[in-house]
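Hello,

Here is the structure we talked about passing on. Please open it first, then read my notes below.

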Number of protein chains: 2
Amino acid sequence: MTQRPGIKIKLQLYCADAIAMGPGKADLLDAIAREGSISGAARVMGMSYRRAWLLVDVMNRCWSGPLVETFPGSARGGGAKVSALGEAVLQHYRALQARLAGDTSCDDARALDALLRDAPLERQPE
Amino acid sequence: MTQRPGIKIKLQLYCADAIAMGPGKADLLDAIAREGSISGAARVMGMSYRRAWLLVDVMNRCWSGPLVETFPGSARGGGAKVSALGEAVLQHYRALQARLAGDTSCDDARALDALLRDAPLERQPE
């Protein structure tokens, strides 16, 4: 199920006008699961704590329950973990992503691939 | 093959770092086919002529041949049409889009749908 180079599929899930899940939020969940805190996840993803917190806040309000649970910390600050619901959402999201990527081996995708140049032509001087 | 509300799939085709085809460029091609000119297409799409011209220019340099052919105009300015190659690319792109949209009736998509709220919870006062 590898996605063809040259074909990019962005999967977003909306809750009314809010983006409940997308590539960036899914990566943030993975990072929170690894790092054990929102601040740690923000750091490894190269985003501000505020931005990470806002993304978590949107996720937590869009699904049937919170995807990230925070708890008061020790001396080194609070911690966070991905909830069971968050793990389930992430798993379905990754599975759907993989399914979409698998579609890029269909005839239409192959036809498009064959018609694409490896690099754009230079712009002609006017 | 209707796409579920709440699930948005954005399909982009890259030629090196340039976006050779995506939702906006496909819509622009449709508009050029209908309007018969880049300026007319820009108008109905609510974008500047310059922006439409730049999008056409990228498309024309990314594929094995131009997707849009322009020709010198009469008193009312030049015209443009979608080439046979442009029509073929557009057709494959739309077919692939429809195929991806069809994937949103799989179990993972249904599971995600069932877990999404209809609207985000209000943000709690701190």
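Where is the place of A16(B)? A16(B) sits in the loop between β1 (7-15) and β2 (18-21) of chain B. Helices (H or I, at least four residues) and strands (E, at least two) are DSSP runs, numbered from the N terminus.

Before the rest, the conventions. This is a predicted model, in which local features need pLDDT of at least 70, side-chain atom pairs count only at pLDDT 80 or more, and totals for chains, interfaces and linings use all residues. Residues are numbered from 1 along each chain as its sequence is written, chains are lettered from A and ligands numbered from 1 in the order in which they are written, and side-chain values use heavy atoms, with hydrogens and water left out.

A16(B) is not a glycine, yet its phi is positive, about 50 degrees. Most residues other than glycine have a negative phi. A16(B) is partly exposed, at 43% relative accessibility (buried is under 20% relative accessible area, exposed over 50%, partly exposed in between; 1.4 Å probe, protein chains only). In chain A, A16(A) lies in the loop between β1 and β2. Phi of A16(A) is also positive, near 50 degrees. A16(A) has a relative accessible area of 44% and is partly exposed.

Next, the interface. About 4,200 Å² is buried between chain A and chain B, with 62% from carbon and sulfur atoms. Buried area is the accessible area (1.4 Å probe) that two parts lose on being put together, summed over both. R61(A), L112(A) and L115(A) supply 16% of the area that chain A buries against chain B, more than any other three residues.

The rule finds 4 salt bridges across the interface (a side-chain nitrogen of Lys or Arg within 4 Å of a carboxyl oxygen of Asp or Glu). R123(A) and D57(B) meet through their side chains in a salt bridge, 2.6 Å from N to O.

Last, the core. The largest nonpolar core has 75 residues. Such a core is a set of buried Ala, Val, Leu, Ile, Met, Phe, Trp, Tyr and Cys residues joined through side-chain atoms within 4.5 Å. M21(A), W63(A), M21(B) and W63(B) touch the most other members. Beyond its neighbours within four places in sequence, M21(A) contacts residues including L11(A), L29(A), W63(A) and Y93(A).

Best wishes

Definitions and conventions. Contact means heavy atoms within 4.5 Å.
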